[in-house]
Amino acid sequence: MTSVPLGKLSLEVGAGKIPTLIVSCGSFSPPTFLHLRIFEEAKDFLCNELGIIGGIISPVHQAYGKSSLAPMKDRLEMCKLATQDSSWISVSSWEASQEGWSRTYDVLQQMKKDLANIAVTIGNDPPIKGAIKTMLICGSDLLATFDTKLPDGSDLWAMEHRKLILTEGVIVLEREGDCTADIIKHSEVLSAYKQNIRCIHPKVVNTVSSTIVRELVTENKSIKYLVPALVEKYIFDNELNHLPNWKCPTT
């Protein structure tokens, strides 16, 4: 199984542009309009520098163990429905098909490997292979975890993984209340690769989260215009609003 669906990729980019695949890894339980909007913000922001050939959503494996995860098959299906009308964003089921949880680094490396034999045309040059860059797109809250230590003192992100991800480049959507510049400034490894970190300040502030959507659906309240209509329909048709792990804890 290839980790990168090829159907929506645009394998021709403008002269002088770096062919780039944007990848978002996460829970998507459920996917919201914000998950989709960050791709559009990134594409607009980077269009003068990079040739965006496509975007990929990669839902995390069930073995990741996050308590709020809907079943894997449901999250995959919701992501596919959410991106159904996009001309360039697809869903990868590679991560979900593995025997266990895969680190973000492993997902990105698999995609880079699968893209190595895909030829892309840059300007008027002949098609070439091995030219596609894979860039992680994430929120500033995730970037802030790059230096996080686990209770046993080990690194949440292996240093080798951080360096290789940052070498390819990271697109960071600055979340309300965060200062990406400060996050980078206070991190030795982020500072060393700051030229490869593209920070986006969204034109439209959107604070929709999967957490908020889960809270609303379990309270039988409307989630219209927070998630794509097909995702909303899927949630209620499949009674995900009754999932025990989606219910808010009572106080």
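Predicted model: local features only at pLDDT ≥ 70, side-chain atom pairs only at ≥ 80, totals over all residues.
User: Which element gives the largest share of the lining of the largest pocket?
Analyst: The largest pocket holds about 1,100 Å³ of space and is lined by 37 residues. Elements that give two or more residues to this lining include strand E2 (18–26), helix H1 (33–46) and strand E6 (133–139). The largest share is four residues, and the element that gives them is E6.

User: What is the volume of the second largest pocket?
Analyst: The second largest pocket is lined by 15 residues, with Glu 174 and Arg 175 among the closest to its centre. By class, seven of the lining residues are nonpolar, three polar and five charged. The volume of this pocket is about 240 Å³.

User: Is Glu 41 buried or exposed?
Analyst: Glu 41 forms a salt bridge with Arg 37, and their closest N and O atoms are 3.5 Å apart. The two residues are four apart in helix H1, so about one helical turn separates them. Arg 37 has 33% relative accessibility and therefore counts as partly exposed. Glu 41 has 6%, and because buried means under 20%, Glu 41 counts as buried.

User: How many residues apart are Arg 175 and Asp 141?
Analyst: Arg 175 and Asp 141 form a salt bridge, with the closest N and O atoms 3.0 Å apart. Arg 175 lies in the loop between strand E7 (170–173) and helix H7 (180–185), whereas Asp 141 lies in helix H5. The pair links distant parts of the chain, and the separation is 34 residues.

Terms used: Residues numbered from 1 in each chain as written. Heavy atoms only, no water. 1 Å grid on protein atoms, 1.4 Å probe; cavity = no way out; pocket = protein on both sides within 12 Å on 5 of 7 lines; lining within 4 Å. Points joined across faces, edges and corners; volume = space filled by probe spheres on them. Nonpolar A, V, L, I, M, F, W, Y, C, P; charged D, E, K, R; others polar. Salt bridge = Lys/Arg side-chain N within 4 Å of Asp/Glu carboxyl O. Buried < 20%, exposed > 50% of the residue type's maximum accessible area, 1.4 Å probe, protein only.
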